[in-house]
Structures are given as structure tokens and as C-alpha cells.
Amino acid sequence: PKLPNFKCYIFFFFFYIEPNEWRAIQKLKRDKKMLCFMHAPGIIKPEVVGASTPSGAIEAVTGIKVRASNGDIFLGVQPPASPAAPLPIDTKGMLISFWSGQVPAFFAEDSKATTLGVYPDKSTAVAYRDFGNWQSVFFGGIGISDEFLNAMARKSSAWVAGNAGDAILLHGCCHNPTGI
């Protein structure tokens, strides 16, 4: 089906991509939209996205070069200790990913991308790249924090109701007598 015209799209656990989904993603890469792909998009059947390896699939989907880890690693993600340049998405001091399990992972290794978060071994876990007509975020961790979601929404110029962690009550939404 046709996707709504939002400014930011987050693809959670998109390991397998169908051909029609791949075409839909390609159509979203326009109008300065931000597309965020979590963990390992397209790694099952990489040929669907025109790749021959899982790393190649992630690069085809995100536009950001990655390499596979050698074995399982902890996926907790923190901001970089000393970023090389001002960060396009301000992650300074925030917890980026709160999941600390060990699984195979991918590291961003793209000289044109900005590191937004690192794994415990300081390799790049979260990378941002601006392609001019669209923006990409490779999110190697699992479990995106509310602060990072809020920062991405703000960077993409999406409508943001409040700060991360704020409780928001929209007037008129609680008039259902059944409580559902």
C-alpha cells in the first residue's frame, strides 16, 4: 500500500525486504526525508536489494558502508566521546540504545557518514549521512531511546509534541467510556 508522506521513517528489524517493499523504500528517498534502518536491514535475501552479501545489503538499503563483526558483540550504544565535527543529530550525553545483549552486528565504516553512536569497543554503531535529497541513519543497536527518537524527529523537521520523556495528553482523546 501507499505509505503516508511523513518526514521521518523508522524501519525496525527489517531483515527481510520484499521486492515491493524495496521499491517503496526507493520512492521514499526524496524530499529531504529521513530514513532510519535498525540493526541489519535486508540481510536475508540480499539479492532483493541488488547485493550479494549481508553487508552489501545494508549498504544498498542505507547508502552507508558497513562491515560485519567477527562474532557476537554487546549492542549497547553510547554517543561518541569526542566527535570529529558538530553532530547533525545531537547525541551528546544521551543513552542511544539500551539493549545490551550479545549478537552478530555491523559497524559503519563510511568516510562520508557522521558517527552518532558507538559500541562499547568504540566502533561506529550509529551513522548519519545526508545525500542532499534524503537523509539516512544506520542504527546498528537494538532498542532506540526516546531521546534519540526525539532528536531524529527534530532533525527531520517532523512535528514534535514535546521533549523526550515528556508525557503528552491530547485533549479530547480520553472520552471513550470503555477505557480502551
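**Exercise 1.** Find which residues of helix H1 (residues 19–28) are buried.

*Solution.* Start with the ground rules: this is a predicted model, where local features need pLDDT of at least 70, side-chain atom pairs count only at pLDDT 80 or more, and totals for chains, interfaces and linings use all residues. Residues are numbered from 1 along each chain as its sequence is written, and side-chain values use heavy atoms, with hydrogens and water left out.

Step 1: Helices (H or I, at least four residues) and strands (E, at least two) are DSSP runs, numbered from the N terminus. Buried means under 20% relative accessible area, exposed over 50%, and partly exposed in between (1.4 Å probe, protein chains only).

Step 2: In H1, Trp 22, Ile 25 and Leu 28 are buried. Viewed down the axis of H1, the buried residues fall within an arc of 115° (from the directions of the helix axis to the C-beta atoms), so they line one face of the helix.

Step 3: Turned away from that buried side, H1 carries the exposed residues Arg 23 and Lys 27.

**Exercise 2.** Identify the salt-bridge partner of Glu 109.

*Solution.* A salt bridge needs a side-chain nitrogen of Lys or Arg within 4 Å of a carboxyl oxygen of Asp or Glu. Glu 109 meets Arg 67 at 2.5 Å, N to O. Glu 109 sits in the loop between strand S4 (102–108) and strand S5 (114–118) and Arg 67 in strand S3 (residues 66–74), so the pair ties together parts 42 residues apart in sequence.
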